[in-house]
Amino acid sequence: MSTLDTIIIDGLAFALPMFIMAIGGIFSEKSGITNLALEGLQGFGAFCGGLTAVLMLRSFEGSSQIPYYVSFIAAIAGGMIYSLIHVALCIKFRANQVISGVVVNILAVALTVFLAKRINDGVFGQPSNKFVLETSVRFSVPGLSRIPVIGAIFKNVYPFEVMIIVIAALMWFVMYRTPFGMHLRACGDNPHAADAAGINVNRVRTIAVMISGGLSAIAGMSYAYSITSNFSPDIFLGYGYLSIAALIFGNWSVLPTLGACLIFGFARSSGQALITQLGMPSSYNDLVRILPYLLTLLLLIFFSKHNNSPRALGEIYDKGKR
Amino acid sequence: MKKLIVKLMGGERFQTMRVSLFCIITSLIVGAAILLAIGKNPLAAFGNLLQGSGLMPKSSYAGRQNMFTDFMSFLDALTPMIFASLAVSAALKAGLFNIGVSGIMLASGFTASVLVGQSELSAFIAKPLVILIGIAVGAIVGALIGWLKYKFNINEVVSSIMINYILMYIITFFINTFFVDPISRQSKTITDSARLTLSGTRAFDLKFDVSLAFPLAIICAIVIKFLFDRTTTGFEIKAVGLSRKAAKYAGMSVPKNIILSMTVSGALAGLAGVTYFCGYFASIQPGVVPSMGFNAIAVALLGNSDPIGCIFSSFLVTVISKGSIYMSSQQGVEMEIADLITSVILIFTACAEFLKMYVGRLSMEQGGSEEAGEA
């Protein structure tokens, strides 16, 4: 396999989960709720999925793919339920949305590590804070994967990448082609007008945050199946924040955000490929890992000035306010 | 029940403090419920927290140790926490969230360990130098975040998190490549003359740690309190935090105040870094962002971003985190339960504004019904 192929394959495996998480963020922020909680949501989702997978792997044969898909469903459910904390704090208790996001993230780390240790100790009888998963199987599309360069897109694909693309397309449709999507965008731009038009602003926002919880959980689970191949506190590596940067860079719309995610993904994978190519010691990997973060910062410098965020972003909806 | 709530938290006097206290007690009850659910005695567990922090005598001690030893070690852990929470609250005054405290701590701690920690300087030069380096490095990174905020309109939360990870990876690289201690896999231990904690001081038949920076932390809190409550600069920063447009209209410079508050915040975070990595610890573990920077957000919010409040809330959170080590060894509970309780406190604190509003509404309802009864 050529280096270029590796860059494309690894880059996509990193970028697509980030993309689906960013879409979740777009849903939440377009409805008017700042969502820094993505980081915690993806971690909690991965925890739920990881737990389910570990529990199920004991009763299924090694080659069965059922635990894989069930764990994704469990992750989505977990992420959606966990996002209700953000909903409650932001909508019901009118907390500052940035504070709420940070709180949700801190709680996610504490809660998942505590529960993981507890469950490992109690159920599996081993002191550990990890749920060890197997790295997901990969497949190559016959024929298409033989094409030079572009073929790499179809080579060694994780099944979750396909799932993400399907869901992303669906979410794009919901956002831009359905009445619900329009209501959602209205709630983020002018909630009072939306309210006057008979839309229940808080209900729409609740659903939007829950969607972001579910989508982030897919991302977290994907990372647990690819990069770390386990659930452990390592899942909280700031990918959630990276995806927020991606959606700001993508100006809160879906397709440009995909571009941003791809840039991050390829920056990461080409950096790693470079280290392998040059035969540098593995400690140099740490230097390369800076790339996505540094790139985010640089891109934000160029693109933050003229962004048009949803107008009512971060504002608590108060019916009485004019 | 409602009357009780109003009685406890209604009225203007010390309301913020009473609401904070209510949040803490409710969180402790939640913590107790968790402990009960996993079959532990919550009272014993909370007692262990106090014992581990040297606030209550343990049943037995090792040689040359007693409650005083534990308490001094507790103060040593408390010092960076006070600085870190002051850092967060200084930024909060200007309406900014400095989530970069962790990264700044690493940067200042690392710079000080490398520049001074390995040198042969005498203690009288080395220790002040460590503090000055901490302040300088922190202030630079803080100012950078503030500059990015006003110049390029980058959300400070996102930029400070990016900077956290960038700093963490760079420092991890340098530690692993140049400064690693082959046995502990951490950075090389700094010399005693550079360390801000006198470890293993012997007196009164005891052996204990003395945190030299603790008085400095208290002084800093008072200075920051003075800065924000009694000076024009502090007033301007607060005005910018409350409403940027209003401040601009009144002729204040928004960029200047944003950068200034982030610089102060960064300098304090830098102090937290040197007292943590060159005081409480003497080496840096590569590959980890210190969680203290994030807990400091909780602490600052709990202290209502008031410098003196920060001292008290740092005290509480440090009791929980420091005592949890002893608790986990005594009760066989995971140490993370401390983080769990801290985050529950945070959740309630996030609702403090709502709570105040709710109490206000309740007391108005009750006041209204009483008046109706009299009429």
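Helices (H or I, at least four residues) and strands (E, at least two) are taken here as DSSP runs, numbered from the N terminus. The model is a predicted one, in which local features need pLDDT of at least 70 and side-chain atom pairs count only at pLDDT 80 or more, while totals for chains, interfaces and linings use all residues. Residues are numbered from 1 along each chain as its sequence is written, and chains are lettered from A and ligands numbered from 1 in the order in which they are written.

Chain A holds 11 helices and two strands, and its elements follow the order α-α-α-α-β-α-α-α-α-β-α-α-α from the N terminus on. The radius of gyration of chain A is 20 Å, close to the 20 Å given by the globule rule for 322 residues, so chain A is as compact as a globular protein of that length; the radius is taken over C-alpha atoms, and the rule is 2.2 Å times the number of residues to the power 0.38. Along the principal axes, the C-alpha atoms of chain A fill a box of roughly 60 × 50 × 35 Å. Of the 322 residues in chain A, 54% are buried, a residue being buried if 20 or more other C-beta atoms lie within 10 Å of its own, exposed if 12 or fewer, and partly exposed in between, with C-beta atoms placed from the backbone. Of the contacts in chain A with a separation of 6 or more, 76% are accounted for by residues 24 or more positions apart, where two residues are in contact if their C-beta atoms, placed from the backbone, lie within 7 Å.

In chain B, the secondary structure comes to 15 helices and two strands. The radius of gyration of chain B is 22 Å, close to the 21 Å that the globule rule gives for 375 residues, so chain B is as compact as a globular protein of that length. The C-alpha trace of chain B spans about 80 × 60 × 35 Å along its principal axes, and 52% of its 375 residues count as buried. Among contacts in chain B between residues at least 6 apart in sequence, those joining residues at least 24 apart make up 76%.

Several helices of chain A can be described individually. Helix 3 of chain A is followed by R94(A), with a positive phi near 50°. Helix 9 of chain A (residues 239–249) is mostly covered, with 11 of its 11 residues buried. These buried residues pack against helices 1, 2, 8, 10 and 11 of chain A, together with helix 7 (156–178) of chain B. Just after helix 9 of chain A, N251(A) takes a positive phi of about 55°.

G271(A) lies in helix 10 of chain A and counts as partly exposed, with 19 C-beta neighbours inside 10 Å. Although G271(A) and R289(A) are 18 residues apart along the chain, their C-alpha atoms are separated by 7.5 Å. Not counting residues up to four places away in sequence, G271(A) touches V288(A) and L291(A).

The contact between the chains takes 36 residues from chain A and 34 residues from chain B. On the side of chain A that touches chain B, the elements giving two or more residues are helix 4 (97–122), helix 9 and helix 11 of chain A, and helix 4 gives the most, with 13 residues. By class, this side of chain A has 25 nonpolar, five polar and six charged residues, where Ala, Val, Leu, Ile, Met, Phe, Trp, Tyr, Cys and Pro count as nonpolar, Asp, Glu, Lys and Arg as charged, and the others, Gly among them, as polar.

L75(B) is placed in helix 4 (residues 67–93) of chain B and is buried, with 23 other C-beta atoms within 10 Å. Leaving aside neighbours within four places in sequence, L75(B) is in contact with S211(B) and F214(B).
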